[in-house]
Amino acid sequence: MLGEGILKGMAETAKNFFGSYVSKERLTTVEYPEERVPAAENARAFPFLVYDGPDWQAGLRCVSCQICEKECPPKCILIEKSKDKKPDYVGKPQFYPVRFDIDLSVCMSCQICVEVCPFDAIKMNTEFALATDDRFGGLLFSREKLAKSNEYYHSIHPTEAAEVDARLAEEKAKVEAKAKAAAEAAAAKAAVSASPAEGGN
Ligand code: SF4
Ligand code: SF4
């Protein structure tokens, strides 16, 4: 029938309009900013840096490899690599960023920095309300402002964060098993060389 689609659409709109007076589920808008709809788990706004443990500086996962800086299309990431190293989550000495800035006024939320990071160190935040009247420095976020705990990551992307945790734990277990096997082999070798030569008088 001609116009059937239009009539169906109008009926759905009317159902939602009148239904919103009696049912909260039909009310699709809220009184923002006093009231906020929780962000969907796969929502993405701007990047943040993940850290483990209580100390953000010691726990930053970033090893300053600078891949994200090179791959960021609008070049809004600026990293300065440390001269010294600190242990990463498996205890391996790694460089870290003494400076890590993202100009969020330039960032286009493409998530490429997240996709290319080999260390699960940078993820997308769901917080989008960052408006400021400081057009020059207000959205230039340094590592202090970008650092968020792994617990925070779990609170906004629970499924993804659990997958990352499982993967990192597996890698850590592999490294520890390898180190243990190497230590046992070295101890066995030392024991053989310390024992008296067989067959001598
Ligand atoms: S989300 Fe895209 S634009 Fe923003 S910092 Fe990452 S790579 Fe750059
Ligand atoms: S966030 Fe990831 S890709 Fe970027 S410098 Fe740090 S470790 Fe490398």
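1. A residue is called buried here if 20 or more other C-beta atoms lie within 10 Å of its own, exposed if 12 or fewer do, and partly exposed in between, with C-beta atoms placed from the backbone. Helices (H or I, at least four residues) and strands (E, at least two) are DSSP runs, numbered from the N terminus. By these criteria, the number of buried residues among the 16 of helix 1 is zero, so helix 1 lies largely in the open.

2. This is a predicted model, in which local features need pLDDT of at least 70 and side-chain atom pairs count only at pLDDT 80 or more, while totals for chains, interfaces and linings use all residues. Residues are numbered from 1 along each chain as its sequence is written, and chains are lettered from A and ligands numbered from 1 in the order in which they are written.

3. Helix 1 covers residues 4-19 and reaches 22 Å from its first C-alpha to its last, close to the 22 Å expected at 1.5 Å a residue, where the expected span is 1.5 Å times one less than the number of residues.

4. Strand 1 (residues 47-51) is mostly covered, with five of its five residues buried. In a regular strand the side chains alternate between the two faces of the sheet. Here Pro47, Leu49 and Tyr51 point one way and Phe48 and Val50 the other way, and all are buried.

5. Two strands are taken to pair if DSSP finds at least two bridges between them. Strand 1 runs antiparallel to strand 6 (residues 122-124), joined by three bridges, and proline 47 stands opposite methionine 124. With strand 8 (residues 147-149), strand 1 pairs in the parallel sense, again over three bridges, and tyrosine 51 has serine 149 as its bridge partner.

6. An open sheet of three strands has the order 2-5-7, with antiparallel pairing. Strand 2 (77-81) and strand 7 (140-141) stand at the edges with a single partner strand each, so one side of each is left without a neighbour in the sheet. Strand 5 (residues 97-103) pairs with strand 7 over two bridges, and aspartate 103 has leucine 140 as its bridge partner.

7. Of the 14 residues around ligand 1 (C-beta atom, placed from the backbone, within 6 Å), Cys72, Cys107, Cys110, Ile112 and Cys113 come nearest. Ligand 2 is surrounded by 13 residues, the closest being Cys62, Cys65, Cys68, Cys117 and Ile122.
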